[in-house]
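Here is a short report on aromatic rings and their partners. Look at the structure first, then read on.

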Amino acid sequence: TFAGQSTEVEAHNIIVGTNASNGYTMTVNGNTLTSGGNTISAIGNTNSASSVGTEQFGLRMSATGGVGAVVVPYAASGFAFNTGGLPDQVATSTSASANTTYSARYLANITSSTEAGAYTATLTYVATANF
């Protein structure tokens, strides 16, 4: 929201399952928040806590059901987003799996000097079976 929010909510759920004997790999690809030529800094490849007053854009996920799991650095209680390593692996299963639901949560913090604008990011998630 424009006023900010201190309580986390799930942005969306992604359900992945496969009958492939070696499971699957799920990746994310995209960019950090941008508004024209202005950007909100991506947190990077280390899981980090929210820091109000610091420019941050990050992602974290949790998994329920099936045998899939979120991978480091997206699996802990903080946030990460590694634009230098995109596409970046966010989840995996090493065997056939019934549906696993991945809940995605995003973090966006700004500073008092962050340029005004309508910031957007487009992230694409791809799940690939491992045969």
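## A charge over a ring

A charge sits over a ring if NZ of Lys or CZ of Arg is within 6 Å of the ring centre and within 35 degrees of the ring normal. Keep in mind that this model is predicted. Here, Arg60 places its charged end over the ring of Phe79. The distance to the ring centre is 5.7 Å.

## The edge-to-face pair

How many aromatic pairs does the structure hold? There are two. One of them joins Phe57 and Phe81. Their centres are 5.3 Å apart, and their planes make an angle of 80 degrees. The pair counts as edge-to-face because its planes are over 60 degrees apart.

Phe57 belongs to strand β6 (residues 56-64), and Phe81 belongs to strand β8 (residues 79-81), so this pair ties together parts 24 residues apart in sequence.

## The stacked pair

Phe57 also pairs with Tyr106. This pair is stacked: 6.4 Å centre to centre, with 10 degrees between the planes. Tyr106 lies in strand β10 (residues 97-109) and Phe57 in strand β6, so the pair ties together parts that are 49 residues apart in sequence.

Tyr106 counts as partly exposed, at 29% relative accessibility. The cut-off for buried is under 20%.

## The cluster

Which residues do the ring pairs link into a cluster? They are Phe57, Phe81 and Tyr106. Phe57 takes part in the pair with Phe81 and in the pair with Tyr106.

Definitions and conventions:
Residues are numbered from 1 along each chain as its sequence is written. This is a predicted model: local features need pLDDT of at least 70, side-chain atom pairs count only at pLDDT 80 or more; totals for chains, interfaces and linings use all residues. Side-chain values use heavy atoms; hydrogens and water are left out. Rings of Phe, Tyr and Trp (its six-membered ring) pair if their centres lie within 6.5 Å; planes under 30 degrees apart count as stacked, over 60 as edge-to-face and the rest as tilted. Helices (H or I, at least four residues) and strands (E, at least two) are DSSP runs, numbered from the N terminus. Buried means under 20% relative accessible area, exposed over 50%, partly exposed in between (1.4 Å probe, protein chains only).
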